[in-house]
Amino acid sequence: MKILVFGRTGQVATHLSGLAETTCLGREAADLTDPAACAALIAETGADAIINAAAYTAVDRAEDEPDLARAVNATAPGAMARAAAARGIPFLHVSTDYVFDGSGETPRSPDAATAPLNVYGRTKLAGEAAVRAAGGPHAILRTSWVFSAHGGNFVKTMLRLSETRDTLGIVDDQIGGPTPAGDIAGALVTIARGMVEGQSGGTYHYAGAPATSWAGFAREIFALAGREVTVNGIPTADYPTPAARPLNSRLDCSALTRDFGIPPADWKAALKDIVADLAG
């Protein structure tokens, strides 16, 4: 099985690039601000499946760059999905918990009502709609709180701050599932393989378990790194950002387990290895 991946340097794409069956395209080869060019690459490919692991992910900056965020997160995936549909190739697209409003405390199922709070979430939701509208075999994988030893993410930020700070105030009323990028990559390949072999796709959730807060996540990071940092939990209201964040990012991942045998990611086990790599 051959998989063409859009994205090369992002957290998930970096892990996909290490897999033998994938060919990953960076921005110089596939610029998502040029949807037609990306679609042309799919029209000419000999791949068995396509994974779009590229996105505009600067959540706060998107508030000031809505057109760019929409081009990358919605227009390009739609063009790519239509090109894949024309060839009958499964198209897999990575999305986000930010398509939800974060109300309540119940884990969201894939068919739960969406109501994004910010530009980033709205453009990702528009991308999902465009992929579905293309009419081809597809899978949309929503995930949350992605972390790895690569790129920019919460784990690397906490380790950097712990070098100069012994006390930090971290939000503790946003709850979700930290998700290892390597596990997301593995899940995408499993789904792609299943769809190439005839399984149906759809919209799925994949996140780490158990759910925790950002403050709880930070405490786990510092404990594994042996850093003596006191974490004071604070409400979201005390840490204002340009883009509103959902308080409830819990995702119900049972459909993915049912259809593809993929259980929720064990984020604590993955974090142990990543912290050892970064802080060792």
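**A sheet and its surroundings**

Modeller: Three strands make up an open sheet, in the order β12-β8-β14, and their pairing is mixed. Its edge strands are β12 (212-213) and β14 (248-249), each of which pairs on one side only. The model is a predicted one. Strand β8 (residues 175-176) pairs with β12 in the antiparallel sense, over two bridges.

Pro210 is found in the loop between β11 (208-209) and β12. The peptide bond that runs from Ala209 to Pro210 is cis, with omega near 0 degrees. As background, most peptide bonds are trans, and most residues other than glycine have a negative phi. Trp145 is not a glycine, yet its phi is positive, at about 50 degrees.

Strand β5 also belongs to another open sheet, with six strands in the order β2-β1-β3-β4-β5-β10 and parallel pairing. At its edges are β2 (22-25) and β10 (202-205), and each of these pairs on one side only. On average, neighbouring strands of this sheet are turned by 20 degrees against each other, direction ignored. Within the sheet, strand β3 (residues 49-52) and strand β4 (residues 91-96) run parallel and are joined by three bridges. Opposite Ile51 stands Leu92 in β4.

Helices pack on this sheet. α2 touches β1 (3-6), β2, β3 and β4, and the direction of α2 makes about 170 degrees with that of β1. Helix α4 (residues 119-133) also packs on the sheet, where it touches β4, β5 (138-143) and β10; the direction of α4 makes about 160 degrees with that of β4.

Next come the contacts between helices. Two packed helices are described by the angle between their axes and the distance between the axes. Helix α2 (residues 35-43) and helix α3 (residues 66-87) have axes that come within 8 Å and cross at roughly 25 degrees. An angle under 35 degrees counts as roughly parallel, so α2 is roughly parallel to α3. The crossing of α2 and α3 is right-handed. On the α2 side the contact is made by Pro35, Cys38, Ala39, Ile42 and Ala43, which meet Thr75, Ala76, Ala79, Met80, Ala83, Ala84 and Arg87 in α3. By class, the residues of the contact of α2 with α3 are 10 nonpolar, one polar and one charged.

Helix α3 also packs with α4, at an angle of about 15 degrees and with the axes 8 Å apart. α3 and α4 are therefore roughly parallel to each other. Their crossing is right-handed. From α3 the contact takes Pro66, Ala69, Arg70, Asn73, Ala74, Pro77, Gly78 and Ala81; from α4 it takes Val119, Tyr120, Arg122, Thr123, Lys124, Ala126, Gly127, Ala130 and Val131. The contact of α3 with α4 divides into 10 nonpolar, four polar and three charged residues.

Another pair is helix α5 (residues 154-161) with helix α9 (residues 267-279): their axes come within 11 Å and cross at roughly 45 degrees. That angle makes α5 oblique to α9. α5 passes α9 in a right-handed crossing. Here Val155, Lys156 and Leu159 in α5 meet Leu271, Val275, Leu278 and Ala279 in α9. The residues of the contact of α5 with α9 are six nonpolar, no polar and one charged.

Charged side chains remain to be described. Side chains of opposite charge can pair when their charged atoms come close. A search of the whole structure finds eight salt bridges. One of these joins the side chains of Glu28 and Arg8, at 2.7 Å from N to O. The pair links distant parts of the chain, 20 residues apart: Glu28 is in the loop between β2 and α2, while Arg8 is in the loop between β1 and α1 (11-16).

Methods. Residues numbered from 1 in each chain as written. Predicted model: local features only at pLDDT ≥ 70, side-chain atom pairs only at ≥ 80, totals over all residues. Heavy atoms only, no water. Axes fitted to C-alpha atoms, helices over the stretch in contact; angles between N-to-C directions. Helix = DSSP H or I, 4+ residues; strand = E, 2+ residues; numbered from the N terminus. Parallel < 35°, antiparallel > 145°, perpendicular 65-115°, else oblique. Left-handed = near helix turned anticlockwise from the far one by under 90°. Contact = heavy atoms within 4.5 Å. Nonpolar A, V, L, I, M, F, W, Y, C, P; charged D, E, K, R; others polar. Pairing = 2+ DSSP bridges. Salt bridge = Lys/Arg side-chain N within 4 Å of Asp/Glu carboxyl O.
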